[in-house]
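Hello,

Here is the structure I promised to pass on. Please have a look, and then read my notes below.

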Amino acid sequence: MGVNTCCKYLMFFFNLLIFIGGLAMVGIGIWALKSTDSFQNMITDDPGIMNAVYFIIAAGAFLVVIGFFGCCGAIKENKCMLGIFFIMVFIVFVVEIVGGVLAFTKLPETEKIIKESMQQYGGDSAQDKIITEAWDTVQKEFQCCGYESSVDWIFLAGKAPSCNPLHQGCKYVFKKYFLVLGGIALGVLFIEVLAMIFSCCIMRQVGKEGGY
């Protein structure tokens, strides 16, 4: 029973972390989307680029539910609840991996679309005006200039910089936001693995004691 009690409370602790991590993932994911509305306007030709963030938000919301569910299963030592919990955590684990791979594989395509959008800056079409407003908003709110640097406006768009040329490129600003989100996701992945291990240990012990 000593080992069982240890596993049980460690399981409870890790599920509490999963619950908190899920809340953090949802909050930061929504913050990243809302803070980058203008960024999304630059890449409207490929809405799928933001799918990685949506994947992580969905996984975070699911984690909030199963974190609570896992805590109950651990405290009550219910084999059925722990089994369902394991399956749910494994599904979220896979979804988060898919989201991370999607984000990584889409990066070159994203950069290409953003750089191409600079050529539409100042145009007369409706789409050009949306992109122009998007670039103005991003560069003003995040105090950045161009994509990698202000010279992008000259060499990629053939225009004078529409921002302060001393500011860093917007690429590095957005990179910081996604690094924060990615760091939290990795931390949650590690906790999920530990939670699955402890759930298996408790299920084995409950099975030996004849629990359900």
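The side chains of Glu 111 and Lys 171 are joined by a polar contact of 3.5 Å, and another of 3.1 Å links the side chains of Glu 111 and Tyr 147. A polar contact here is a pair of N or O atoms within 3.5 Å; within protein, one must be able to donate a hydrogen and the other to accept it, and residues adjacent in sequence count only if both atoms are side-chain atoms. Glu 111 is buried, with a relative accessible area of 18% (buried means under 20%, exposed over 50%, partly exposed in between, with a 1.4 Å probe and protein chains only).

Bear in mind that this is a predicted model: local features need pLDDT of at least 70, side-chain atom pairs count only at pLDDT 80 or more, and totals for chains, interfaces and linings use all residues. Residues are numbered from 1 along each chain as its sequence is written, and side-chain values use heavy atoms, leaving out hydrogens and water.

Now to the cysteines. There are two disulfides, a disulfide being a pair of cysteine sulfur atoms within 2.5 Å. Cys 144 and Cys 170 form one, with their sulfur atoms 2.1 Å apart. The torsion about their S-S bond is about 85 degrees, so this disulfide is right-handed. Cys 145 is joined to Cys 163, S to S 1.8 Å, and both of these cysteines are buried.

What about Cys 200? Its sulfur is 7.0 Å from the closest cysteine sulfur, in Cys 201, which is too far for a bond. Cys 200 is partly exposed, at 31% relative accessible area.

Best wishes
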